[in-house]
Amino acid sequence: MTRTVMITGASSGFGRACAQRFAQAGDRLVLLARRQDRLQALSEQLRDLCDVQVLGCDVTDAAALEQALGSLEPPFNAPDILINNAGLALGLEPAHEADIRDWETMIATNVMALVRMTRLILPGMVARDRGHIINIGSTAGNWPYPGGNVYGATKAFVQQFSRELRADVLGKKVKVTNIEPGLAETEFSLVRFKHNSEQADKVYDGTRPLSPEDVADIIFWVCSTPPHVNINAMEIMPLCQAWGPFRIDRTIQYDD
């Protein structure tokens, strides 16, 4: 059966790789992103493989998002799979030095836009009694690191929201999965460091990180399990990454 797959943040990284992977299977695609030119180029690349609709839209703009989704005609307006991929990290400063505007942007994108997108699409899945919500979380939602502060908190929200969705749709043939990648080489670090490519490149020095294609292959598999199987969550790291020891500061002096 040809599935309709809706992907946010589809112009780069995991979203773009997912579009390519599902297109190879002949699934029809609805691709959303802010960068219309990149979306258009991607859709032209994929049109020989599948049917594609593109929506140039900022998912943090509630009115624009609803208008864009409302413009879709059948069967594109009834997605079988929603991949909530749009998200970002900004800055790596400790909390007391971070830019509050960066925090607000991360919350608006990683939390509010994901929640809004889910709320717009999920009722249709429930009514049709079929569907799959894929949320892109992060290992940062499970394990804190210095400078992760609000980014990690938004991904912890995505993890818990995914669990709550599973509880709410119990009894329906609607699946929910939280995908939690670790170190992955996309535009993630370039965005985090405000397009300082030298700083972004240092993140991956001496490593073999996950690629967008690695993650897309895993998402495709998760979406291809038998109807009675739900992958609740999947944490994925490259072999070069693992958990670190607890940090202990030995410099603090106390007066008592």
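In which hand does H1 pass H2 in their crossing? Keep that in mind while setting up the view.

The model is predicted: local features need pLDDT of at least 70, side-chain atom pairs count only at pLDDT 80 or more, and totals for chains, interfaces and linings use all residues. Residues are numbered from 1 along each chain as its sequence is written, and side-chain values use heavy atoms, with hydrogens and water left out.

**First stop: H1 and H2**

Select residues 13-24 for helix H1 and residues 36-46 for helix H2. Helices here are DSSP runs (H or I, at least four residues), numbered from the N terminus. Their axes, lines fitted to C-alpha atoms over the stretch in contact, with angles from 0 to 180 degrees between N-to-C directions, come within 11 Å and cross at roughly 20°. H1 and H2 are therefore roughly parallel (angles under 35 degrees). H1 passes H2 in a right-handed crossing, that is, the near helix is turned clockwise from the far one by less than a right angle.

Now show the side chains of Arg16, Ala19, Gln20 and Ala23 on H1, and Leu42, Gln45 and Leu46 on H2; these make the contact (heavy atoms within 4.5 Å).

**Second stop: H1 and H8**

Among the residues in contact are Phe14, Ala17 and Arg21 of H1 and Val215, Ala216 and Phe220 of H8.

Key. Helix = DSSP H or I, 4+ residues; strand = E, 2+ residues; numbered from the N terminus. Parallel < 35°, antiparallel > 145°, perpendicular 65-115°, else oblique.
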